[in-house]
Amino acid sequence: MKIDRRRMMAGAAALGGMAALRPMRALAAQAATATARPEPADRLFASPAVEREIARVSALIADADLRRLFVNCYPNTLDTTVHLSSVEGRPDAFVITGDIDCMWLRDSSAQLNPYLHLVREDEALRGLFRGLIARQARSILIDPYANAFMRDPSASTNLPWALADDTEMKPGVAERKWEVDSLCYPMRLAHDYWKASGDTAPFDALWAEAAWASIRTFREQQRKDDPGPYRFLRRDKLATETQILGGYGAPTRKVGMIHSMYRPSDDACVFPFLVPSNLFAVAALRKLAALAGAVQQAKLASAALDLAREVELATYANGTIIDPASNERLWAYEVDGFGNGHFMDDANVPSLSSLAYLGAVPSDDPLFLRTRAAAWSERNPYFFKGTAAEGIGGPHAGLRMIWPMAITMRALSSDDDATIRQCLAMLKASHAGTFFIHEAFDQDDPAKFTRHWFAWANGLFGELMIDLANRKPALLGEAA
């Protein structure tokens, strides 16, 4: 989830005033010290297992700046974004994205992902995952087309830019941009938590009802017979904020792919068949099927598998293009089913570059490798290369603005030591003295950056360092 630059300061004040700004100010005030974490008494969630992991991995990192980045970034979600309570005697977890006091289905799932491997060691951590899984299920049942939700399910949105949206806004919904990945991430989180913990307690009737709602929504957005119930218009001067043709988006030929009106960047799609999100949906539906089978939800498992097969066939048949420069086949970023499409990549996940990380394609798949190489080249109009770094950005933060998330993803999906070293060097150079990972920074000047407090990007960096500690510890042992 990302905030439009022109809204950041006004939005922070409107979204909770001083209370919303206090954690961000605390982080900025402590940035010059050895750690920029809040004091223990001010941390929102404590996990002994996470603290042990910080100590274990830190001991392997020879470079002082990378070590300091890891210590600050890895626990950032737990330190600053987790709000625990209970609903009907069961845990409830509302996980904000950082500098905005709302919960995105995508961001909250990704923010907890770096702690999955520790859940067997920490009962409180398991309770946090149970609480988020339940909160996500209740949110999906409020509105499966919404991307972001309010902490109070009876509250109207307080996002200034969403107040006048022409769509069916319901209580509890913060923003209603339909993004396929918003429903994929809870499927992935639920499955991966089950596999990591062996815990089936969260997967009750509430969870199953939300899973069925997700499948129904995917089916509606195949739009085989009609445009479906979703439409969205925003009164905004930015073309990336609204949809054409009465809010239904560009025309498509109905081929079985799922329409996505918005990208994971929250920017509007040009063509409604967003290829990386459709491939992610296939992988997520298969994970849902495996979990549903394990908890005796056979019909749910069958429905998920049937839809996964259909979307996979449709995406492989319609989701590629021929690169005119190389005459090689690549995954397109978006297509319309009529044979039209365009090639680019965006920094947000799912992206073409992240397909292997998400388990949507094999890591050694030739089509994926060609596509990733093209995405990390001038073939991608949102690949930027400057004196400070090179990497992928996107329309949301503007030209020249590289996203550390894309650099982190490149390192996570690479086995080449030289590539990983380059990524680590660029990430280390990007924090501009804050020792946190930002949303985006200028290709020539990392001091020009967006978002002081972006928990997903911080956690993803922590995930990378843990991955390298397990996969390539010798790289972490190299001094600067």
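Two bridges join strand β13 to strand β14 (residues 440-442), and the two run antiparallel. Strands are DSSP runs of E with at least two residues, and helices are runs of H or I with at least four, both numbered from the N terminus. Pairing requires at least two DSSP bridges between the strands. Within this pair, I402 stands opposite F441 of β14. The open sheet has 3 strands in the order β13-β14-β15, with antiparallel pairing. β13 (401-402) and β15 (449-450) are the edge strands; each has a single partner, so one side of each lacks a neighbour in the sheet.

The model is predicted: local features need pLDDT of at least 70, side-chain atom pairs count only at pLDDT 80 or more, and totals for chains, interfaces and linings use all residues. Residues are numbered from 1 along each chain as its sequence is written, and side-chain values use heavy atoms, without hydrogens and water.

Strands β1 (residues 82-87) and β2 (residues 90-95) pair antiparallel over 6 bridges. S85 has D92 in β2 as its bridge partner. The two strands form a hairpin with 2 residues between them. In the turn, E88 has a positive phi of about 50 degrees.

Helices α6 (residues 105-112) and α8 (residues 180-197) have axes that come within 8 Å and cross at roughly 30 degrees. Axes are lines fitted to C-alpha atoms over the stretch in contact, with angles from 0 to 180 degrees between N-to-C directions. The helices are therefore roughly parallel (angles under 35 degrees). L105, R106, S109 and A110 of α6 meet α8 residues including Y185 and L189 (contact means heavy atoms within 4.5 Å).

Technical notes: Parallel < 35°, antiparallel > 145°, perpendicular 65-115°, else oblique.
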